[in-house]
Amino acid sequence: MASVLRVLFAALMTVSLSTLASAQQTGAPNAAAQTQVEGPQVIRQILVEGNQRVEADTVLSYLLIQPGQVYDTRLVNLSIQTLIATGLFSDVQFEDRGQIVVVRVQENPIINRVILEGNNAIDDEKITDEIEAQPRAIFTRHRVQSDVQRIIEVYRRSGRFAATVTPQIVEQPQNRVDLIFEISEGPVTGVRRINFIGNDSFSDRRLRRELVTRESRWWRFFSSNDNYDPDRLEYDQELLRQFYMNQGYANFRVLSAVAELTPDQESFYITLTVDEGEVFNFGDVSVSTEIPDLNEEYLARILPMQEGDLYQGQMIEDGIDTLTFAAGASGYAFVNISPRTTRNREDRTVDIEFVIDEGPRVYIERIDIAGNTRTLDRVIRRELDIVEGDAFNQVLIDRSRNNIRRLGFFEEVEIAETPGSAPDRARVNVQVTEQPTGELAFGAGFSSTDAFLVDLSISERNLRGRGQFLRFRISASSNRESIDIRFTEPRFMDRNLAAGFDLFRVNSDFLSEASFQTESTGASLRLGFPVTASTNLQLGYTYRTDNVLVYSSASSALLNQAGNRNTSVITYTLNWSRLNDPIEPSNGYRLQFSQGFAGIGGDVRYMRSEIEGSIYRPVLPSIFGNDVVASFSMNSGFTMPWGGDTVRINDRFFKGGNSFRGFEVAGIGPRIVSRDATTGELVRGDALGGRLYAIGAFEVSFPLGLPEQYGVRASLFTEFGTLGLLDSSDQIAEGAAGTAFTVDDMALRASAGLSVFWDSPFGPVRFDFAEAFIREDYDRAEFFRFSTRTGF
């Protein structure tokens, strides 16, 4: 059996070897040909097909393979990815035709129009500013989906969390499409309730006042803060932290802030979980520095906090500002102040050490001014209290900024310092934003005083960019007509000297108040210059002709005032201002004293003295910042005749209206009256004005909680004062019942009320509600006063 197997195996091997030899002889040429075909092929030409707008050369420039190279599938795949990434094509295919490679592309369409449908609550512009899709841009589905999310985010920020957006595509000829976003806005998602957990020291109601987010109420139709906004909620958590830190809770934390959407998807419940911690006081407060020019003990004394004071986080920031200012005043511009705090849990105090790193004394290397497209550089530079080469002084820089802002030529003024070419050199950059200074205006308005009024003026506050002021004005109302030309050169003869002149003609009608009219024509010259950094003196001379017209039926107290008089007056005014902001002060004070001497020429002789002063202070700045400001103002005047003259009625003081809220114009002071023969009551007649007045006012201004862009503020006020002191020759003694006589008792008057100010789109509007709670029977009081004006 074994021999048989060996014979069969030998036969099989013989057949296999014979077959293999035959295959090698007959198949050798075909194998060689196959090897030649499957070898590396060199690309001779690349063709582009399917492109309509994109040039073929542009497509070829993105390819990683070129003619003369071997066809490589890896490079082909990378080329496809590169072309797709350009956003120009929706599909790319490569076809290998031997030595010719065909790139077949399908271009993305062009957006013909972007159409928004269903957006009633949000304007088109607000949405189109957020999305990337624009007419003539390339359409891609990825970009459209991104824009859908952006539109939804816009609606969420406006409090509409149920909004949905569905994109639609309408194909147009020439590979263009109209992109339509169908928007379902859904209801406004308000805040139904804000709850707090863990607040033991302050009530929920008190903490809600610290948040920007408000609970939805029907009267909050002007505000969007009652709509849920997650970004606003993040900000609210920071406001809570600041509030607690300023109340002494140094370890306060917000553990969580959860917003739950109601099942009807119309509002949210917000729950804030807090950990108040314990109340801390300031412990040891110190300053350490190696700068020899800075006294550590003095710096520690000027800090806003002292040992034992309630811990307030804001005071640390205020302390840094105070020390930075003090270092800048000593010439060190780039100091680094680091507060180091140590909490002592045993006695619940916080030790704080302000470390001031030593820095070189800095000198001003260069002052650069930018943004003044119209105003000349020298107009700005002459307001600076610093020049190149001076030691850096933060006090002078802040004062320079206020000087530039006081010009009124610029919307924004920013002064920043940057390092110079050496460690002891600094550059001061003054960046300004020009605002319109020329005005051609037609004004119209209404007030309780003047009824309807019109005002036409042509003015330029920055003539030819040189800072000069020129105005031509014509105004008319029911009781006043005026025309005047005014010119001021702020730097007369290139000196710190302001000079100017006025030409005027004024007709005033006081028939409803005092039964007389005046016609005044004249001119004046003015000269002003600074005396110190915070005071300035103004000198002036005025010559005018006054004609007083009185009805023949008027009393003798008025009839002797009629006629023409020439007045020649020399005046001076001393101003002293230490306000933190010349336009919207919140801290500081100002004082003005003026005197006029009439009689050097002309027919009138008197000396007039007036003094005005105001002081401003922020109310609880740690809580309200500078939003709530208390102010006290006082003004007084006295006119004394000389040379045997009396004070004419047109030179007397008349108070009321805007100068004493709660009373009509000329509503207080000496007056012609008569006594009713039956009842004995006084019957009011003409106002006569007075030679002496003194009026004070205490006022607290505050925002009304509306968005800042509405420009609405209010103030609570009380005013008090008196007016009187007629010349004896102008007084009429009381006679028989029904006959006219004068009253002049210098009695105290007082009022209190509310004023509302609104910077409306058609001009500033003011509403005054005042009650005169101390007044005389013959005074003329008023509860409401309204005034506005607008320009076209």
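I take a surface patch to be made of residues with over 30% relative accessible area and no salt bridge, like charges being joined within 9 Å. The model I examined is predicted.

Entry 1, negative patch. I found a negative surface patch formed by Asp 123, Asp 124, Glu 125 and Asp 129. Asp 123 sits in the loop between β4 (110-117) and α4 (124-128). I classed Asp 123 as exposed because its relative accessibility is 54%, the cut-off being over 50%.

I noted 30 salt bridges in the structure. One of them joins the side chains of Asp 178 and Arg 113, at 3.2 Å from N to O. This pair links distant parts of the chain, with Asp 178 in strand β6 (residues 176-184) and Arg 113 in strand β4, 65 residues apart. Asp 178 counts as buried because its relative accessibility is 4%, whereas Arg 113, at 45%, counts as partly exposed.

I then looked up Arg 241, which forms a salt bridge with Glu 238, the closest N and O atoms being 2.7 Å apart. Both residues lie in helix α7 (residues 230-245), three residues apart, about one turn of the helix. Arg 241 is partly exposed at 34%, and Glu 238 is partly exposed at 30%.

I traced β23 (residues 563-577) pairing with β24 (residues 588-602) in the antiparallel sense over 10 bridges. Val 569 stands opposite Ala 598 in β24. Strand β24 also pairs in the antiparallel sense with β25 (residues 606-618), over 11 bridges. There, Gly 596 has Arg 608 in β25 as its bridge partner. A hairpin joins β24 to β25 through three residues.

Key:
Residues are numbered from 1 along each chain as its sequence is written. This is a predicted model: local features need pLDDT of at least 70, side-chain atom pairs count only at pLDDT 80 or more; totals for chains, interfaces and linings use all residues. Side-chain values use heavy atoms; hydrogens and water are left out. Patches are made of residues with over 30% relative accessible area and no salt bridge: like charges are joined within 9 Å, nonpolar side chains (Val, Leu, Ile, Met, Phe, Trp, Tyr) within 5 Å. Accessible areas come from the Shrake-Rupley method with a 1.4 Å probe; for residues, only the protein chains shown count as cover. A salt bridge is a side-chain nitrogen of Lys or Arg within 4 Å of a carboxyl oxygen of Asp or Glu. Lys and Arg count as positive and Asp and Glu as negative; His and the chain ends are not counted. The place of a charge is taken as NZ of Lys, CZ of Arg, CG of Asp or CD of Glu. Helices (H or I, at least four residues) and strands (E, at least two) are DSSP runs, numbered from the N terminus. Buried means under 20% relative accessible area, exposed over 50%, partly exposed in between (1.4 Å probe, protein chains only). Two strands pair if DSSP finds at least two bridges between them.
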